[in-house]
Number of protein chains: 2
Amino acid sequence: MEQPGHLPTLAFLAKSLADENRLRILLSLGNGKKSVSAIVQELQLSQPLVSHHLKELRRSLLVRVERQGPFIYYEMSDPRIVEILKALDNLATGLLAARTTF
Amino acid sequence: MEQPGHLPTLAFLAKSLADENRLRILLSLGNGKKSVSAIVQELQLSQPLVSHHLKELRRSLLVRVERQGPFIYYEMSDPRIVEILKALDNLATGLLAARTTF
DNA sequence: TCAATATATCAATGTTTATTTATATATTTA
DNA sequence: TAAATATATAAATAAACATTGATATATTGA
């Protein structure tokens, strides 16, 4: 069986996905590019908080950035991200189901 | 496009995967069940640290537990876990490659 | 029952992280 | 150039988290 590679990188990526608000932002960006203020409005989060989370998402390369005048647009950088989140979701569901059947 | 479900659960699972030593322990347990002391020896980590991480892995249902006399054996609870970690690994590799090609 | 072995837990410590409030920076228009 | 808009950043704060050294708990055999 082949093992996953660089563990620090894996841990770093997982950490980037380990906050609910950040996940909400990331998933919102899976629906196409959005400006910071649009995210702020849509998710009812504070602007500095959104900026902070976007900065983390930039660091982990999970988002792409594009400036247009005063607006900065962000979008999810890779469709595999949603697939992985779905797989995690299925895993969680499965683990919970298996636990309650004991 | 269908969105992943319960975000707090997703964040919780991601957090459980967000530490390198914990990943090392989890992956080691993907090769069959092991006692705490075996993990301690194999990974050269302190016993309390291993116990602490195992406790977190138990909480997130990522491991199964079985006692035999003084020994407690742990193993990975679901093969999907490794698949997800591999997918994350591939994602990381891909994102890094895409960045360096800009 | 006691001693030995295995492992969980406790307490302390330092580091990391999310959030808020305030301010700095960047872009555009009048 | 100044004002308005968009957004990044700074600083403070509280909470969460990983690790270590010490101790408590569980199991077994003599």
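Which element gives the most to the surface near DNA strand D? In this predicted model, α4(A) does, with five residues.

DNA strand D is surrounded by 24 residues, and the closest are A:Gln47, A:Ser51, A:Tyr74, B:Asn21 and B:His53. Of the atoms of DNA strand D that come within 4 Å of the protein, sugar and phosphate account for 74%. One is 2.7 Å from a polar side-chain atom of B:Asn21, and an N or O atom in the side chain of B:Arg22 lies 2.8 Å from a phosphate oxygen of DNA strand D. By class, the surface near DNA strand D has nine nonpolar, nine polar and six charged residues.

At the start of α2(B), a side-chain oxygen of B:Asp19 comes within 3.1 Å of the backbone nitrogen of B:Asn21.

DNA strand C is surrounded by 24 residues, and the closest are A:Arg22, A:His53, B:Gln47, B:Ser51 and B:Tyr74. Sugar and phosphate make up 74% of the atoms of DNA strand C that come within 4 Å of the protein. The side chain of A:Asn21 has an N or O atom 2.7 Å from a phosphate oxygen of DNA strand C, and for the side chain of A:Arg22 the distance is 2.7 Å. A polar backbone atom of B:Ile72 is 3.2 Å from a phosphate oxygen of DNA strand C. Two or more residues each come from α2 (20-28) and α4 of chain A and from α3, α4 and β3 (71-76) of chain B. Here α4(B) gives the most, with five residues.

How do α3 and α4 of chain B meet, and at what angle do their axes cross? The axes of α3 (residues 36-43) and α4 (residues 47-59) of chain B come within 9 Å and cross at roughly 115°. The crossing is right-handed. B:Val36, B:Ile39 and B:Val40 of α3(B) make the contact with B:Gln47, B:Val50, B:Ser51 and B:Leu54 of α4(B). By class, this contact has five nonpolar, two polar and no charged residues.

Key. Residues numbered from 1 in each chain as written. Chains lettered and ligands numbered in written order. Predicted model: local features only at pLDDT ≥ 70, side-chain atom pairs only at ≥ 80, totals over all residues. Heavy atoms only, no water. Axes fitted to C-alpha atoms, helices over the stretch in contact; angles between N-to-C directions. Helix = DSSP H or I, 4+ residues; strand = E, 2+ residues; numbered from the N terminus. Left-handed = near helix turned anticlockwise from the far one by under 90°. Contact = heavy atoms within 4.5 Å. Nonpolar A, V, L, I, M, F, W, Y, C, P; charged D, E, K, R; others polar. Near = heavy atom within 4 Å. Polar contact = N/O pair within 3.5 Å; in protein donor to acceptor, adjacent residues only side chain to side chain.
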